[in-house]
Amino acid sequence: MDITPRQTEIIDAAGKILTNSGVSGLTIKNLAKEMQFSESAIYRHFASKEEIIVAMLNYLADGIDKRFSNLTKPTDPEEYFKTLFHEQLRFFSENPHFVVAVFSDGLMEASLLINQSILKLMNVKVKHLRPIILEGQQKGIFTNAITTDELVHIIMGTFKLQMFKWRIANFEFDIKRTGDKMVLSTLTLIRNKQV
């Protein structure tokens with residue numbers, strides 16, 4: 001995804017507004033005020049609020065894909081699993097507005113394009129998580145009692161719930177510490193009990 005530095009600034013400002021005011025507070029007028037721009041200056045970069053949110057979600061998906069692709073991959077699937085989630089928790093602790101973009105009330109009802117961008121984001125996570133789970137199952141480290149795809153969905157659902165809890169708690173707890181505990185608990189649940 002090609003995005004200009006100015007568009008990145010607009011996305012960051014939109015994230016700040018989403019964090020403070022929710023989807024209803026994210027208007028072109030409020031965004032222009034936040035950035036000390038004219039509304040027409042915003043429209044030169046994005047045609048609508050929807051386009052800004054879609055760009056934010058696509059920017060997030062592309063960033064996750066790039067960061068995960070560049071991770072040093074431990075040979076042990078459990079260590080790789082921890083590395084993947086540790087990176088994700090680190091990123092979101094430093095950029096909570098992206099959590100707001102995914103978990104804002106009414107966002108998914110807003111448009112088909114936004115829903116497609118959220119689906120793209122989920123698919124990027126599956127792309128990187130599924131091979132780790134599959135390798136762990138093939139090596140007998142993770143359970144084979146549940147299919148790879150079902151395990152991936154359970155794990156992603158657990159992570160999503162943790163991020164949602166952090167969002168509705170207004171980011172008031174340490175997501176890295178809590179998230180790392182969740183990762184260890186998840187590994188305990190998916191580990192092959194015979195190992």
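This is a predicted model: local features need pLDDT of at least 70, side-chain atom pairs count only at pLDDT 80 or more; totals for chains, interfaces and linings use all residues.
Biologist: Which residues of α2 are buried?

Modeller: In α2, residues 28-35, they are Ile28, Leu31, Ala32 and Met35.

Biologist: How do you know that the buried residues of α2 line one face of the helix?

Modeller: Look down the axis of α2. The buried residues fall within an arc of 100°, so they line one face. Lys29 and Lys33 are exposed on the other side of α2. The cover over the buried residues includes α1 (5-25), α3 (39-43) and α4 (49-69).

Biologist: Now α10. How do you know that its span agrees with its number of residues?

Modeller: Helix α10 has 16 residues, 175-190. The expected span takes 1.5 Å times one less than the number of residues. That gives 22 Å for α10, and its end C-alpha atoms are 22 Å apart, so the two agree.

Biologist: Which residues of α10 are buried, and what makes them a face?

Modeller: Ile175, Gly179, Met182, Val183, Thr186, Leu187 and Ile190 are the buried ones. Seen down the axis of α10, they fall within an arc of 140°, so they line one face of the helix. They pack against α5 (77-94), α8 (112-138) and α9 (148-168). Arg177 and Lys181, on the other side of α10, are exposed.

Biologist: What is found at the start of α10?

Modeller: A side-chain oxygen of Asp174 comes to within 3.0 Å of the backbone nitrogen of Lys176. The cut-off for a polar contact is 3.5 Å.

Biologist: Why is Gln137 called buried?

Modeller: Buried means under 20% relative accessible area. Gln137 has 6%, so the word applies. Gln137 sits in helix α8. Its side chain reaches the backbone oxygen of Ile146 at 2.9 Å. Beyond neighbours within four places in sequence, the contacts of Gln137 include Phe142, Thr143 and Leu151.

Biologist: And Ala145: why is it called exposed?

Modeller: Exposed means over 50%. Ala145 has 71% relative accessibility, so it counts as exposed. Ala145 lies in the loop between α8 and α9. Its C-alpha atom is separated by 27 Å from that of Phe68, 77 residues apart along the chain.

Biologist: How many aromatic pairs does the structure hold?

Modeller: Seven.

Biologist: Why is the pair of Phe81 and Phe85 called tilted?

Modeller: Their ring centres are 4.8 Å apart and their planes stand at 45°. Centres must lie within 6.5 Å; planes under 30 degrees apart are stacked, over 60 edge-to-face, and the rest tilted. At 45°, the pair is therefore tilted. Both residues lie in helix α5, four residues apart, about one turn of the helix. Phe81 is buried at 1%, and Phe85 is buried at 8%.

Biologist: What makes Trp166 and Phe171 an edge-to-face pair?

Modeller: The angle between the planes is 75°, with 4.6 Å centre to centre. Edge-to-face needs over 60 degrees. Trp166 and Phe171 are both buried.

Biologist: Which residues form one aromatic cluster, and which residue lies over the face of Phe91?

Modeller: Tyr59, Phe91, Phe92 and Phe98 form the cluster. Arg67 lies over the face of Phe91, at 3.8 Å from the ring centre. The distance cut-off for a charge over a ring is 6 Å.

Key
Residues are numbered from 1 along each chain as its sequence is written. Side-chain values use heavy atoms; hydrogens and water are left out. Helices (H or I, at least four residues) and strands (E, at least two) are DSSP runs, numbered from the N terminus. Buried means under 20% relative accessible area, exposed over 50%, partly exposed in between (1.4 Å probe, protein chains only). The arc is that of the directions from the helix axis to the C-beta atoms. Contact means heavy atoms within 4.5 Å. A polar contact is a pair of N or O atoms within 3.5 Å; within protein, one must be able to donate a hydrogen and the other to accept it, and residues adjacent in sequence count only if both atoms are side-chain atoms. Rings of Phe, Tyr and Trp (its six-membered ring) pair if their centres lie within 6.5 Å; planes under 30 degrees apart count as stacked, over 60 as edge-to-face and the rest as tilted. A charge sits over a ring if NZ of Lys or CZ of Arg is within 6 Å of the ring centre and within 35 degrees of the ring normal.
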